[in-house]
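This briefing sets out selected features of a predicted model. The points below are grouped by topic and are meant to be read beside the sequence and coordinates.

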Amino acid sequence: MSVKVYYTTVTASREVKSQQAEVMRILESKSIQFELIDISQDSSLREEMRAKAGNPTAVPPLVFNGDQYCGDYKMFAEAVEEDAVEKFLKLA
């Protein structure tokens with residue numbers, strides 16, 4: 001299994017940009033390898049992300065372990081607060 005982060009390089013939202021950067025920074029600081037999937041490259045990737053998350057209006061960043069949905073930014077941030085990132089990522 002590998003950690004995947006669905007994100008976008010094309011957004012006018014400062015909030016989304018900031019959330020994406022924070023997810024990447026925290027994963028890197030914990031030496032957790034992850035794959036970035038840019039949904040702006042192909043609309044089918046956005047649909048795939050939403051289908052896997054079970055939410056037709058989901059917006060990045062969304063985190064997965066393989067095809068298993070871990071959560072969105074809010075859930076990730078809560079896991080960081082609780083020092084439970086590995087559990088959130090289904091690595092522990």
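**A buried asparagine**

Asn 65 counts as buried because its relative accessibility is 2%, and the cut-off for that class is under 20%. This residue is found in strand S3, which comprises residues 62-65. The side chain of Asn 65 reaches the backbone oxygen of Leu 89 at 2.7 Å. Leu 89 is also among the residues with the most contacts inside the largest nonpolar core.

**Nonpolar cores**

- The largest nonpolar core has 14 residues, and those with the most contacts inside it are Val 23, Leu 27, Val 63, Phe 76, Phe 88 and Leu 89.
- Two or more residues of this core come from each of strand S1 (3-7), helix H1 (14-29), helix H3 (73-81) and helix H4 (85-88).
- Another core, of 8 residues, lies apart from the largest one and includes Ile 37, Ile 39, Ala 53 and Ala 58.
- Leaving aside residues up to four places away in sequence, Val 63 touches Val 3, Lys 4, Val 23, Tyr 69, Cys 70, Gly 71, Phe 88 and Leu 89.

- Strand S1 and strand S2 (residues 34-38) run parallel and are joined by 5 bridges.
- Tyr 6 has Ile 37 of S2 as its bridge partner; Ile 37 is also one of the residues of the 8-residue core.

- Tyr 73, Phe 76 and Ala 79 are the buried residues of H3.
- These residues lie on the same side of H3, because they cover an arc of only 120 degrees around the axis.
- In general, an α-helix has 3.6 residues a turn, so residues three or four places apart point the same way.
- The cover over the buried residues of H3 includes H1, strand S4 (68-72) and H4.
- Exposed residues Lys 74 and Glu 81 are carried on the face of H3 turned away from its buried side.
- At the start of H3, the backbone nitrogen of Lys 74 has a side-chain oxygen of Asp 72 within 3.2 Å.

Terms used
Residues are numbered from 1 along each chain as its sequence is written. This is a predicted model: local features need pLDDT of at least 70, side-chain atom pairs count only at pLDDT 80 or more; totals for chains, interfaces and linings use all residues. Side-chain values use heavy atoms; hydrogens and water are left out. A nonpolar core is a set of buried Ala, Val, Leu, Ile, Met, Phe, Trp, Tyr and Cys residues joined through side-chain atoms within 4.5 Å. Buried means under 20% relative accessible area, exposed over 50%, partly exposed in between (1.4 Å probe, protein chains only). Helices (H or I, at least four residues) and strands (E, at least two) are DSSP runs, numbered from the N terminus. Contact means heavy atoms within 4.5 Å. Two strands pair if DSSP finds at least two bridges between them. The arc is that of the directions from the helix axis to the C-beta atoms. A polar contact is a pair of N or O atoms within 3.5 Å; within protein, one must be able to donate a hydrogen and the other to accept it, and residues adjacent in sequence count only if both atoms are side-chain atoms.
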